[in-house]
Amino acid sequence: MLLCLTANHRNASLDILERLSVGAPTATRALVDDEIFVSGAVVLATCNRFEAYLDIDEPLTGGEAVAAESVIEAMAGASGVSADLLRASVAVHQGADAAAHLFAVTSGLESMSVGEDEISGQVRRALDAARADGMTSSELERLFQKATHTSRGVRNRTQLRGAHRSLVRLALELASSRVAEWAAAKIVLVGTGKYAVRTVEALRARGAGDIHVFSPSGRAEAFAAQHGLIPVADFAAEVATADVVITCTADAVVHADAFTPGRRVLVIDLGLPRNVDPAVGAVEAVELLDLETIRLHAPLAEFSAHADARAIVGDAATEFHADREAGPAITALRGEVLKTVEDEIARARSRGAGDEVEAALRHLAGVLLHRPSVRIRELAVEGRIDDARAALELLHGLSIDAPGAVADDDDLWATA
């Protein structure tokens with residue numbers, strides 16, 4: 001079954017999220033290697049959430065509770081957070097609820113800025129990383145692929161698609177009350193990664209042009225040349241004349257001694273772990289806008305678009321669960337029919353039949369299986385999968401257990 005443990009901007013402090021983002025991925029790797037009930041895991045760590053999605057077996061009654069406790073203890077040990085504090089800071093979703101949660105996350109519905117477009121890419125990269133480490137399972141692959149498909153549906157079919165809201169844009173919206181004119185402001189950007197690219201785009205959309213870039217890892221020259229910025233070699237000297245400092249890197253921490261007391265400057269910290277020492281906010285005339293502050297001002301969703309998106313996510317979760325429920329029944333029916341077809345092909349071959357007869361028999365099997373397969377899935381969506389199982393047992397003598405494994409999509413719809 002699927003299990004999701006999530007700590008995010010709604011139920012956990014920034015400090016806990018930081019610690020989890022650093023230490024917990026290693027713990028998840030150990031769970032897959034060492035725990036017999038964990039078949040696979042995908043870890044999603046962003047600036048305002050940490051989530052672990054696990055595919056677990058249920059070796060005993062209450063197996064999900066055993067798995068959740070094992071995950072919490074492993075992550076607590078790896079991240080330096082007490083198990084009791086972690087239990088109070090995570091929400092647990094299982095089964096269809098875990099799927100619905102991931103679909104909502106991937107669609108931007110659980111983000112601080114509802115509808116932000118960075119999260120879908122972060123989800124894809126989380127799956128890619130799990131694949132590279134050999135930590136996925138067929139169920140997790142199916143789950144995350146469905147999540148990506150659902151996210152596209154939300155973007156294409158709701159007004160959230162055109163909102164173009166993101167954490168960077170939200171930060172700049174909040175900063176606009178402190179910056180009289182972006183075009184006249186000297187901005188020092190710390191970082192040269194993908195987040196920095198998005199920050200530059202958002203700054204230019206607001207009219208900013210005097211943008212300097214500093215890289216702790218020495219990539220400022222190349223990044224500046226690529227994006228038309230001014231490279232910075234001496235960070236302290238540039239900060240002394242800056243109006244705005246924006247940090248978005250994993251390679252540096254800015255301390256209070258970088259700023260001159262009494263000189264007004266706005267510092268925006270978008271990093272996780274923090275790029276700016278909280279003591280910076282105590283320097284006279286320096287204002288610090290960090291993730292904790294940004295999340296307190298996250299805007300309310302646009303209700304109609306949000307409702308439409310939630311409906312799409314709910315339908316997708318229902319379909320995902322229905323596919324899982326329908327899979328064993330469809331597989332059993334296909335197995336019986338195809339075995340009969342193979343027997344008939346062998347019999348026809350023994351009588352001199354050629355490839356055309358075999359092709360005709362296989363086509364006939366597909367035609368006969370198509371409608372029952374579709375109907376089984378429809379019954380699963382309606383919550384009537386037991387009716388389908390009873391019909392297969394009555395008409396074909398097939399005993400269908402509750403799903404333990406899901407047929408591949410190719411198997412499910414080969415007859416379509």
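Two strands are taken to pair if DSSP finds at least two bridges between them. Helices (H or I, at least four residues) and strands (E, at least two) are DSSP runs, numbered from the N terminus. On this basis, strands E2 and E3 run antiparallel and are joined by 8 bridges. The structure is a predicted model, in which local features need pLDDT of at least 70 and side-chain atom pairs count only at pLDDT 80 or more, while totals for chains, interfaces and linings use all residues. Residues are numbered from 1 along each chain as its sequence is written, and side-chain values use heavy atoms, with hydrogens and water left out.

The protein chain contains 15 helices and 10 strands. Of its 416 residues, 49% are buried, where buried means under 20% relative accessible area, exposed over 50%, and partly exposed in between (1.4 Å probe, protein chains only). Contact is defined as heavy atoms within 4.5 Å. Among contacts between residues at least 6 apart in sequence, 67% join residues at least 24 apart.

The antiparallel sheet was examined next. Strands of a sheet pair through backbone hydrogen bonds, either parallel or antiparallel. An open sheet of 4 strands has the order E2-E3-E1-E4, with antiparallel pairing. Its edge strands, each pairing on one side only, are E2 and E4 (91-94). From one strand to the next the twist averages 15°; axes are lines fitted to C-alpha atoms, for helices over the stretch in contact, and angles run from 0 to 180 degrees between N-to-C directions. E2 and E3 form a hairpin with 2 residues between them, and Leu 44 has Glu 51 in E3 as its bridge partner. E2 is mostly covered, since 7 of its 9 residues are buried. Strand E1 (residues 2-8) runs antiparallel to E4 and is joined to E4 by 4 bridges, with Leu 5 partnered by Val 92 in E4. Helix H6 (residues 138-157) lies across E1, E2 and E3 (49-56), running at about 135° to E3.

A second open sheet comprises 6 strands in the order E7-E6-E5-E8-E9-E10, with parallel pairing. The edge strands are E7 (230-232) and E10 (286-289), each of which pairs on one side only. Neighbouring strands of this sheet are turned by 20° against each other on average, direction ignored. Strands E5 (residues 186-190) and E6 (residues 210-214) run parallel and are joined by 5 bridges; the bridge partner of Val 188 in E6 is His 212. Helix H8 packs on the sheet and touches E5, E6 and E8, its direction making about 165° with that of E5. Helix H7 (residues 167-175) lies across E8 (244-247), E9 (265-269) and E10, running at about 160° to E9.

Rolling a probe the size of a water molecule over the atoms shows where empty space is left. On a 1 Å grid over the protein atoms alone, a cavity is a set of points where a 1.4 Å probe fits but cannot get out, and a pocket is an open set with protein on both sides within 12 Å along at least five of seven lines; lining residues have an atom within 4 Å of a point. Grid points are joined across faces, edges and corners, and a volume is the space filled by probe spheres set on the points.

The largest pocket has a volume of about 1000 Å³. Its lining consists of 37 residues, of which Ala 45, Thr 46, Gln 122, Arg 125 and Tyr 195 are the closest to its centre. Two or more lining residues are given by each of H1 (14-34), E2 (38-46), H5 (118-132) and H8 (194-205), and H5 provides the largest share, 7 residues. By class, the lining has 18 nonpolar, 11 polar and 8 charged residues; Ala, Val, Leu, Ile, Met, Phe, Trp, Tyr, Cys and Pro count as nonpolar, Asp, Glu, Lys and Arg as charged, and the others, Gly among them, as polar.

The count of cavities of 30 Å³ or more comes to 3. The largest cavity holds about 70 Å³ of space, and its lining includes Thr 46, Gln 122 and Tyr 195. H5 gives the most to this lining, with 3 residues.

Arg 384 is located in the loop between helices H13 (355-381) and H14 (385-396). This residue is partly exposed, with a relative accessible area of 37%. Not counting residues up to four places away in sequence, Arg 384 touches Arg 375 and Leu 379.
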